[in-house]
Amino acid sequence: VNHFDPTYVHGILQGARSHPSLSNITITCDSGTILGGTILGEDIGEGLCQLLQETTVLKSLIVDGPRLEPACVTLLAQGLADNHSVQVLRVRNGNEEILQSVVVNQSIQELRLEWLIIEDTRRRAATHALCQVFQQNRTLTKLSLSGVNLRTGALMESLQGLPGNNTLKS
């Protein structure tokens, strides 16, 4: 899906829920894509959440928006926590809620979080969630945190969960 307004994207996601063999979804938006500029909002989040909760065949999900509203990220994270089919996930401009959903998700093998937006008040939660991903997730083999704004101390604290992880390769 590329260069459509949110209503159209939401409609596509609703239709995708009933498609029996859909295995890859990519939503990309540049700064001029969404009406008003740059936001993937709650309606997109609702569509993604429902799709993730119902699909058993979706293997790859890429959400590449210049900005995701917090409500969109919350709904996306809820859907990911319940999903058992997505193996490759790439989210740009999400927040720590995505990490929290990966702790319980047992299908994601490759996770790319780019430009994760972590507010100062949420750094502690993000640090804890990343540590939990390392400690508890047993399917993740690849992790990329490009542009994530965790300070060195927080990142080092997160890495304390790594010694018990035997699935992460890169």
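Buried means under 20% relative accessible area, exposed means over 50%, and partly exposed is in between. I keep that cut-off at hand for this predicted model.

**Entry: Ala 71**

I looked up Ala 71 first. Ala 71 sits in helix 3. Its relative accessibility is 29%, so I log Ala 71 as partly exposed. I then checked its distance to Gly 45.

**Entry: helix 2 with helix 3**

I took helix 2 as residues 42-54 and helix 3 as residues 70-82. Their axes come within 7 Å and cross at roughly 0 degrees. Angles under 35 degrees count as roughly parallel, so I note helix 2 and helix 3 as roughly parallel to each other. From helix 2, the contact uses Glu 42, Ile 44, Gly 45, Glu 46, Leu 48, Cys 49, Leu 52 and Gln 53. From helix 3, I listed Ala 71, Cys 72, Leu 75, Leu 76, Gln 78, Gly 79, Leu 80 and Asp 82. By class, the residues of this contact are nine nonpolar, four polar and three charged.

**Entry: helix 3 with helix 4**

Next I looked at the pairing of helix 3 with helix 4. The axes come within 8 Å, and the crossing is roughly 5 degrees. Helix 3 and helix 4 are therefore roughly parallel to each other. On the helix 3 side I found Pro 70, Val 73, Thr 74, Leu 76, Ala 77, Leu 80 and Ala 81. They meet Glu 97, Ile 98, Ser 101 and Val 104 of helix 4. I sorted the contact into eight nonpolar, two polar and one charged residues.

**Entry: the core**

I turned to the largest nonpolar core, which has 37 residues. Leu 61, Leu 76, Leu 89, Ile 98, Ile 108 and Leu 111 have the most contacts inside it. Elements giving two or more residues to this core include helix 2, helix 3, helix 4 (96-104) and helix 5 (123-136). I then followed Leu 89. Leaving out residues up to four places away in sequence, Leu 89 touches Leu 61, Leu 80, Ile 98, Ile 108, Glu 110, Leu 111 and Arg 112.

**Entry: helix 5**

I checked the span of helix 5 last. At 1.5 Å a residue, its 14 residues should span 20 Å, and the end C-alpha atoms are 20 Å apart, which agrees. Its buried residues are Arg 123, Ala 126, Thr 127, Ala 129, Leu 130, Cys 131, Val 133 and Phe 134. I see these buried residues pack against helix 4, strand 7 (142-144) and helix 6 (152-158).

Note on methods: Residues are numbered from 1 along each chain as its sequence is written. This is a predicted model: local features need pLDDT of at least 70, side-chain atom pairs count only at pLDDT 80 or more; totals for chains, interfaces and linings use all residues. Side-chain values use heavy atoms; hydrogens and water are left out. Axes are lines fitted to C-alpha atoms, for helices over the stretch in contact, and angles run from 0 to 180 degrees between N-to-C directions. Helices (H or I, at least four residues) and strands (E, at least two) are DSSP runs, numbered from the N terminus. Angles under 35 degrees count as roughly parallel, over 145 as roughly antiparallel, 65 to 115 as roughly perpendicular and the rest as oblique. Contact means heavy atoms within 4.5 Å. Ala, Val, Leu, Ile, Met, Phe, Trp, Tyr, Cys and Pro count as nonpolar, Asp, Glu, Lys and Arg as charged, and the others, Gly among them, as polar. Buried means under 20% relative accessible area, exposed over 50%, partly exposed in between (1.4 Å probe, protein chains only). A nonpolar core is a set of buried Ala, Val, Leu, Ile, Met, Phe, Trp, Tyr and Cys residues joined through side-chain atoms within 4.5 Å. The expected span of a helix is 1.5 Å times one less than its number of residues.
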